[in-house]
Amino acid sequence: MPVIDTKTSAVIGHPISQSLSPVIHNHWFENSDVDGFYCAIDVDPADLGMFLENAKQSGLKGFNVTIPHKTNIIPFLDRLAPIARQMGAVNTVKIMEDGSTVGFNTDGIGLITHLKKSVPDWPKDKPALVIGAGGAARAAVLGLLNENIPMVMLTNRTREKAETIRDELGRGRITVVEWDDRSAAASAAGLVVNTTSLGMIGQPTLDISLESAASDTVVYDIVFKPLETNLLKTARERRLRTVDGLGMLVYQAAASFKIWFEKEVSYDDALHSKLMEKLS
Ligand code: ATR
């Protein structure tokens with residue numbers, strides 16, 4: 001009788017019911033030779049340690065980590081990959097054969113992979129403007145610095161948080177820009193990335209002018225509800241190239257899948273249709 005090697009992985013968060021990750025990973029299980037299943041598990045912050053023990057016992061190959069556990073999971077893990085250490089946050093855990101656990105962070109690679117696939121000739125010789133200073137901003141900044149971009153201009157409503165990122169991750173290549181000067185900074189940027197929640201359904205829009213932006217500027221919004229935010233609509237009307245937030249989600253998931261199963265997977269039309277259906 002053939003041995004059926006079913007790989008199980010999951011996402012943990014609290015709440016978790018809105019997660020699109022099961023759609024993405026189960027699509028890849030259905031369309032690759034990796035036979036497995038991915039589920040969403042609601043884990044209360046007080047139960048993180050117990051969850052991890054159960055995960056090891058149950059043979060889970062690994063799991064994704066989302067809000068509010070990305071930082072809190074760290075003390076429970078045996079090792080951290082350098083990128084997760086730099087980020088101070090984990091979105092992917094691999095459970096090794098010996099039961100030890102390693103934390104990774106694939107958010108930055110997800111963001112950069114989608115950027116490169118969407119706009120292969122994005123202007124990487126110019127400074128980038130990153131808006132926001134939360135976890136997503138850290139991912140964007142690290143991803144961009146690893147691409148050898150000359151300078152990242154970072155702006156945030158609460159300036160001190162941007163300064164902390166500059167001091168921790170900057171390597172001399174991050175300049176903090178006043179929140180009120182964000183439109184002027186956009187005119188000097190080759191890439192503008194919104195990492196704040198502004199523009200999301202139910203949130204205020206991001207107030208920034210792209211009037212003086214150069215014609216080759218790329219505008220990237222990590223918000224994907226709606227898929228076309230006001231920022232991206234304004235950019236499109238100005239004939240600037242745009243990148244939406246859904247691909248970042250898919251490509252960070254692809255990087256997790258590779259960590260667990262050593263398998264390359266892709267963002268195909270069928271997956272895009274499934275995600276659009278979920279979002280509508
Ligand atoms: P994440 O980890 O997903 O990036 P976060 O840490 O909550 O989320 O960060 C949210 C970002 O959106 C922050 O940069 C936040 O700015 P502050 O640091 O000043 O709070 C930004 N943000 C949220 N609402 C905002 C608003 N109304 N105006 C400006 N920035 C806002």
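This note comments on the ligand site and the domain arrangement of a predicted model.

1. Basis. The model is predicted; local features require pLDDT of at least 70 and side-chain atom pairs pLDDT 80 or more, whereas totals for chains, interfaces and linings use all residues. Residues are numbered from 1 along each chain as its sequence is written, and side-chain values use heavy atoms, with hydrogens and water left out.

2. Ligand shell. The ligand is surrounded by 13 residues, each with a heavy atom within 4 Å of it. The closest are Gly135, Asn156, Arg157, Thr158 and Lys161. By class, the shell comprises 4 nonpolar, 7 polar and 2 charged residues, with Gly counted as polar.

3. Polar contacts (N or O atom pairs within 3.5 Å). Gly135 contributes a backbone N or O atom, 2.9 Å from a ligand oxygen.

4. Burial. The ligand taken alone exposes 640 Å², of which the protein buries 67% (Shrake-Rupley method, 1.4 Å probe).

5. Domains. The assignment, automatic or from a database, gives domain 1 as 6-105 + 248-279 and domain 2 as 108-244. Their centres, taken over C-alpha atoms, are separated by 26 Å. At the interface, 13 residues of domain 1 are in contact with 19 residues of domain 2 (heavy atoms within 4.5 Å).

Conventions. A polar contact is a pair of N or O atoms within 3.5 Å; within protein, one must be able to donate a hydrogen and the other to accept it, and residues adjacent in sequence count only if both atoms are side-chain atoms.
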